[in-house]
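User: I would like to learn how to read a model like this one, feature by feature, with the general idea first and the case at hand second.

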Amino acid sequence: MSDLDASKLQEFKDFFIIKQQELNLTKNKKKSEETDDSEIRDDMDLAQSITSNDMSRQMQHRCDVMLGHIRVALEKIRLGTFGNCESCEEPIFEARLKAMPACKYCITCAEKIEHRQRQYR
């Protein structure tokens, strides 16, 4: 069970819901800004359109990734496990959660994981 009290959990939940709405708006806006390249005849305009569409798709992908993290965090809040490290199950410091609300690991476990990843590169 998380060390966060009900009001703190509600604050995080509200933050995630607002962020979720913002990301969905951004994603939909970027999708609507994409252009149809089939009608473009000028090479420079085509290159610019392709670049713009690629950047839009990258932004949509980033939104999808962040939305996935938010869905996981909201599910953890629902289950009562939000704020606990997925590795050692100890509480994650509130300051860390405020800086990175969707973090999965406490500082100690995150450092261990990063150290192992660096060793195997």
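Analyst: We begin with burial, where a residue is called buried when its relative accessible area is under 20%. This is a predicted model, and in helix 1 (residues 6-33) the residues that count as buried are Leu9, Phe12, Phe16 and Leu23. What covers them includes helix 2 (43-79) and helix 3.

User: How far can the prediction be trusted, and which elements have the lowest and the highest mean pLDDT?

Analyst: The protein chain averages a pLDDT of 87, and 97% of the residues score at least 70. Among the elements, helix 3 (residues 94-99) has the lowest mean, 86, whereas helix 4 (residues 107-119) has the highest, 93.

User: What should the 37 residues of helix 2 span, and how far apart are its end C-alpha atoms?

Analyst: At 1.5 Å a residue helix 2 should span 54 Å, and its end C-alpha atoms are 54 Å apart, so the two values agree. Helix 1, with 28 residues, reaches 41 Å from its first C-alpha to its last, close to the 40 Å expected. The buried residues of helix 2 include Ser49, Asn53, Gln60, Leu67, Ile70 and Ile77, and what covers the buried residues of this helix includes helix 1.

User: Which residues touch the most other members of the largest nonpolar core?

Analyst: In soluble globular proteins, nonpolar side chains tend to be buried together. Here the largest nonpolar core has 18 residues, of which Leu4, Phe12, Phe16, Ile77, Phe82, Ile92 and Leu97 touch the most other members. Helix 1 and helix 2 each supply at least two residues of this core, and helix 2 gives the most, with six residues. Leaving aside neighbours within four places in sequence, Leu4 is in contact with Leu9, Phe12, Phe82, Gly83, Glu94 and Leu97.

User: Where does Glu89 lie, and is Glu89 buried or exposed?

Analyst: Glu89 lies in the loop between helix 2 and helix 3, and has a positive phi of about 70° although it is not a glycine. Glu89 counts as exposed because its relative accessibility is 64%, which is over the 50% cut-off. A positive phi, near 85°, is also found at Gly80, which follows helix 2.

User: Which residues line the largest pocket?

Analyst: Rolling a probe the size of a water molecule over the atoms shows where empty space is left. The largest pocket has a volume of about 170 Å³, and its lining consists of Arg96, Met100, Ala102, Cys103, Lys104, Tyr105, Ala110, Ile113 and Glu114. Helix 4 provides the largest share of that lining, three residues.

Definitions and conventions
Residues are numbered from 1 along each chain as its sequence is written. This is a predicted model: local features need pLDDT of at least 70, side-chain atom pairs count only at pLDDT 80 or more; totals for chains, interfaces and linings use all residues. Side-chain values use heavy atoms; hydrogens and water are left out. pLDDT is the predictor's confidence in each residue, from 0 to 100. Helices (H or I, at least four residues) and strands (E, at least two) are DSSP runs, numbered from the N terminus. The expected span of a helix is 1.5 Å times one less than its number of residues. Buried means under 20% relative accessible area, exposed over 50%, partly exposed in between (1.4 Å probe, protein chains only). Contact means heavy atoms within 4.5 Å. A nonpolar core is a set of buried Ala, Val, Leu, Ile, Met, Phe, Trp, Tyr and Cys residues joined through side-chain atoms within 4.5 Å. On a 1 Å grid over the protein atoms alone, a cavity is a set of points where a 1.4 Å probe fits but cannot get out, and a pocket is an open set with protein on both sides within 12 Å along at least five of seven lines; lining residues have an atom within 4 Å of a point. Grid points are joined across faces, edges and corners, and a volume is the space filled by probe spheres set on the points.
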